[in-house]
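Me: Hey, can you walk me through this one? I'm new to reading structures.
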Amino acid sequence: MDKEHHPVERFVFEISQPTLLSISSDTLLSHVEQLLRAFILKISVCDAVLNNNPPGCSFTVLVHTRDAATRNMEKVQVIKDFPWIVADEQEVHMQEPRLIPLKTMTSDIVKMQLYVEERAHKT
């Protein structure tokens, strides 16, 4: 986010799972952990393809999910004690984003994509 709280970069992790998959949650979690590790390593070297951010930037973490997933999460007590807050439109909308793919991995149990949306004019 720039000083006015407008996004200048957005790192997007898209994670999906086949609908007819029957696998234990421990196996899935272990596999996703390995994939996330590889994706985070990729982030550490992406400066070469991104423009510099303006001075005074900050960051925030936004989570996008489906309504059904949100309703299921709200049923869990831990989530009830930690309520989610809807992001302001200003924090979500980016003008003229440039899409930069960083990594895609597909396996039998999960598909993950990592890309950056970068505002065309950061300064």
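**A working chat**

Reply: Strands here are DSSP runs of E with at least two residues, and helices are runs of H or I with at least four, both numbered from the N terminus. This is a predicted model, where local features need pLDDT of at least 70, side-chain atom pairs count only at pLDDT 80 or more, and totals for chains, interfaces and linings use all residues. Residues are numbered from 1 along each chain as its sequence is written, and side-chain values use heavy atoms, with hydrogens and water left out.

Me: OK, and how many bridges join strand 2 and strand 3?

Reply: Nine, and the pairing of strand 2 with strand 3 (residues 111–119) is antiparallel. Two strands count as paired if DSSP finds at least two bridges between them.

Me: What's the strand order in the sheet?

Reply: It goes 1-3-2, in an open sheet of three strands with antiparallel pairing. Strand 1 (9–16) and strand 2 (97–106) are the edges, each pairing on one side only.

Me: Switching topic, what's the pattern along the sequence?

Reply: It reads β-α-α-α-α-β-β, made up of four helices and three strands.

Me: And how much is buried?

Reply: 21% of the 123 residues, where buried means under 20% relative accessible area, exposed over 50% and partly exposed in between, using a 1.4 Å probe and protein chains only.

Me: What about contacts between residues at least 6 apart in sequence?

Reply: Of those, 76% join residues at least 24 apart; a contact means heavy atoms within 4.5 Å.
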